[in-house]
There are 2 protein chains.
Amino acid sequence: MSNTPLAGGAEFDRIRAIATALGDRARELGNDTALVKLGDSTVALSADVSVEGVHFRREWLSFEEIGWRAAAAALSDLAAAAAEPVGVLAALTLPEREPEHSFVALMDGVGAAAAAVGGKVLGGDLSRGGAIQLAITVIGTATRPVRRAGASPGDGVWVTGELGGARAALTAFLAGREPDPAARARFARPEPRIAAGRWLAEQGARAMLDVSDGLAGDAGHLAAASNVALVLELERVPCHPAVHAEAARAAEPDAVFAAKGGEDYELLVVLPPEYAGGATFPLHRIGEVRAGAGLQLELAGEPVVLSGYEHFA
Amino acid sequence: MSNTPLAGGAEFDRIRAIATALGDRARELGNDTALVKLGDSTVALSADVSVEGVHFRREWLSFEEIGWRAAAAALSDLAAAAAEPVGVLAALTLPEREPEHSFVALMDGVGAAAAAVGGKVLGGDLSRGGAIQLAITVIGTATRPVRRAGASPGDGVWVTGELGGARAALTAFLAGREPDPAARARFARPEPRIAAGRWLAEQGARAMLDVSDGLAGDAGHLAAASNVALVLELERVPCHPAVHAEAARAAEPDAVFAAKGGEDYELLVVLPPEYAGGATFPLHRIGEVRAGAGLQLELAGEPVVLSGYEHFA
C-alpha cells in the first residue's frame with residue numbers, strides 16, 4: 001500500500017496503524033480527500049465526523065449552525081483538493097430526548113452549507129444515539145486535483161484569508177465569555193474556500209491542504225507528504241481582527257495564537273516561484289519550501305516550536 | 001424536488017420532513033442509494049449509520065464483526081441498485097475508555113467487508129465519542145441501475161436467499177441465549193448480494209431493494225415508490241433453518257417470523273413476467289404486482305397485517 005507520510009500526533013498514529021492493518025484492502029490513506037478515477041472523471045471523496053462534546057458544545061451553537069459547520073468542515077477538504085462539490089451525504093444521530101424537529105434543523109444547516117458551494121444533499125441516514133453526531137461525506141469532481149505531496153525547494157508557502165478567528169471564539173466560549181461576533185461567525189459558519197482552491201490549482205498550486213488542525217500541525221503534514229522542509233515566518237501570518245484581544249489574554253504573540261488555532265478552514269498552499277499574483281481573495285505569502293524535512297517556524301528570526309490543535313475535549 | 005414516495009413509519013416521516021425543509025437543496029431523497037451522473041459514469045452513493053445500543057450491543061459481536069456488519073449494511077444498498085462497489089469511507093467514534101486498538105479492529109472488519117465485494121477503504125475519520133458509532137458511506141458505479149420505482153402489474157416479486165436468520169439470532173441474543181451458529185453468522189456477517197443484484201439487473205429487474213427493515217416494511221416502500229400493489233404469499237417466503245425453533249418460541253408461523261425479521265440484507269426484486277430463470281443463487285417467487293396501491297400479505301389465502309422492523313432499541 002502506498003501511504004502518504006504524516007507528521008506526528010496521536011490521530012496520525014491511529015491512521016498509520018489502520019493503514020498497516022488494512023494493507024492492500026485500503027487505497028492511499030493519510031490525505032483528507034480520496035481521489036478515484038471513474039470513467040472520464042476524477043472523483044474526490046472525504047468524510048468528516050463532528051461529535052458533541054468533542055468538536056462543539058450545544059450551548060454554543062444553534063442546530064442549523066452545528067449542521068453547517070459539520071458540512072463546511074468536510075467541504076473544506078474538497079476545496080483543498082481543488083475539487084468542485086457535487087453533494088453531501090449526512091449520517092446523523094440525536095439523543096432520544098431531542099425533538100424530531102432537531103433532525104430537520106441539523107439537515108437545514110447541512111443543506112445550506114452544500115448549497116452555498118453549489119452542492120446538493122444526496123442522501124444520508126438518521127438514527128437515535130447517545131449524543132449529537134454528524135458524519136458528513138462529500139463528493140466532488142476535480143479536473144486538476146491538488147494533493148499534499150508536490151512541494152519543491154524554492155516554492156512559496158501561502159495562506160488564504162485570516163487565521164485565529166475560530167480559536168478566538170473557542171477561547172471565549174471555553175472561558176464562559178460571549179465571543180466577538182466576527183470570531184463567532186468564523187467558528188459557527190466557516191466558509192469552505194472552494195473557489196479559491198480551484199483558482200489556486202489553475203495557477204499551478206503544487207500542494208495544498210486546509211487548516212483544520214492549526215497551521216503548526218497541518219504545515220507539518222504537508223512537509224512530510226512532500227518530503228521537504230517548510231520554513232514559515234510567523235509574523236507574516238494574517239491574523240483575524242479578534243485575535244489581538246484573545247492573544248493578549250492568553251499572553252501569546254498574536255501570530256502564535258493564530259498559528260495554533262484550528263478550524264479556520266483556510267487553505268495552506270504551495271505555489272511555484274513564478275506565481276504572478278492576481279488573487280481576488282486575501283492570499284499571503286508566509287514562508288518557503290527548502291530541501292530537508294519537517295516544519296521550521298520562526299518569529300522575528302528566532303525558531304519557535306508549537307503544538308498542533310487537537311480540539312478542546 | 002422530486003421525492004420518491006415512501007410508505008408509513010416514524011423514520012419515513014423524518015425523511016419527508018427533511019425533504020420538505022431542504023426543497024431544491026436536496027436531490028431525490030427516499031431511495032437508499034443516490035445515483036449521480038458524473039461524466040460518462042453513473043455513480044451510486046449511500047450512507048448508513050450503526051449505533052451501539054440501537055443497531056447492536058457490544059456483548060454480542062467482536063469489533064471486527066461490528067465493522068463488517070456496518071459496512072455490509074451500506075454495501076447492501078449498492079447491491080439493491082445493481083451497482084459495482086468502488087469503496088467505502090468510514091467515520092468512526094469510540095468512547096475514551098476503549099483502547100486505540102479498537103479503532104484498528106473496527107476498520108479491519110470494514111476493510112474485510114469491502115474487500116469481499118471488490119471494494120477498498122478510501123478514507124474516513126476517527127474521533128472519540130460517547131458510544132461506538134460507525135457511519136459508512138459507500139460508492140459504486142452502475143451501468144444498469146435499478147431503483148424502487150418501476151414495478152408494473154403482472155410482474156413477479158422474488159426474494160434472494162432465506163429470510164429470518166438475523167431475527168432468529170437477535171431474538172436469542174435479547175433472551176440471553178446463545179444463537180444458532182448459522183443464524184448468528186447471518187446477524188454478525190451479512191453478505192451484501194452484489195453479484196446477485198447485478199445479475200438480476202441484466203435479467204431486466206424492474207425494481208429492487210434490500211430487506212433491511214423486514215419484508216413487511218420494505219415491500220411497502222417498493223409498492224409506494226412504484227405506485228402499484230404488491231401481493232405476497234407468506235408461505236412462499238424462504239425461511240432460514242434457524243427460524244423454525246425461534247418462531248415456535250415466539251408462537252408465530254415460521255413465515256410470519258421471517259417476514260417480520262430485518263437485517264437479512266437479501267434482495268427483494270421485481271422481475272418481468274418473461275423472466276426465464278437460471279439464477280445460480282437461491283431466488284424464490286413470493287408474489288406478484290397488481291394494479292392498485294399498498295402491500296397485501298396473505299397466509300394460506302387469508303390477509304395478514306404485519307408491522308415492519310424498527311431495530312431493537
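Begin in chain B of this predicted model by selecting helix α4, residues 165–174, together with helix α5, residues 181–188, which pack with their axes 7 Å apart and at an angle of about 105°. Because angles of 65 to 115 degrees count as roughly perpendicular, that is the description that applies to α4(B) relative to α5(B).

Next, show the side chains where these two helices meet: α4(B) contributes G165(B), A166(B), A168(B), A169(B) and L170(B), while α5(B) contributes A182(B), A183(B), R184(B), R186(B) and F187(B). Colouring this contact of α4(B) with α5(B) by residue class gives seven nonpolar residues, one polar residue and two charged residues.

Now move to chain A and colour its two assigned domains separately, taking residues 31–141 as domain 1 and residues 156–304 as domain 2. The centres of domain 1 of chain A and domain 2 of chain A, taken over C-alpha atoms, are separated by 23 Å, and the contact draws 18 residues from domain 1 of chain A and 20 residues from domain 2 of chain A.

On the side of domain 1 of chain A that touches domain 2 of chain A, select α2 (63–80) and β3 (84–94) of chain A, each of which supplies at least two residues; α2(A) gives the most to this side, with eleven residues. By class, the residues on this side of domain 1 of chain A comprise twelve nonpolar, one polar and five charged.

Finally, colour chain A by pLDDT, for which the average is 92, with 94% of the residues scoring at least 70; for the model, the scores are ipTM 0.91 and pTM 0.93.

Terms used
Residues numbered from 1 in each chain as written. Chains lettered and ligands numbered in written order. Predicted model: local features only at pLDDT ≥ 70, side-chain atom pairs only at ≥ 80, totals over all residues. Domains from an automatic or database assignment. Contact = placed C-beta atoms within 7 Å. Helix = DSSP H or I, 4+ residues; strand = E, 2+ residues; numbered from the N terminus. Nonpolar A, V, L, I, M, F, W, Y, C, P; charged D, E, K, R; others polar. pLDDT = per-residue confidence, 0-100. Axes fitted to C-alpha atoms, helices over the stretch in contact; angles between N-to-C directions. Parallel < 35°, antiparallel > 145°, perpendicular 65-115°, else oblique.
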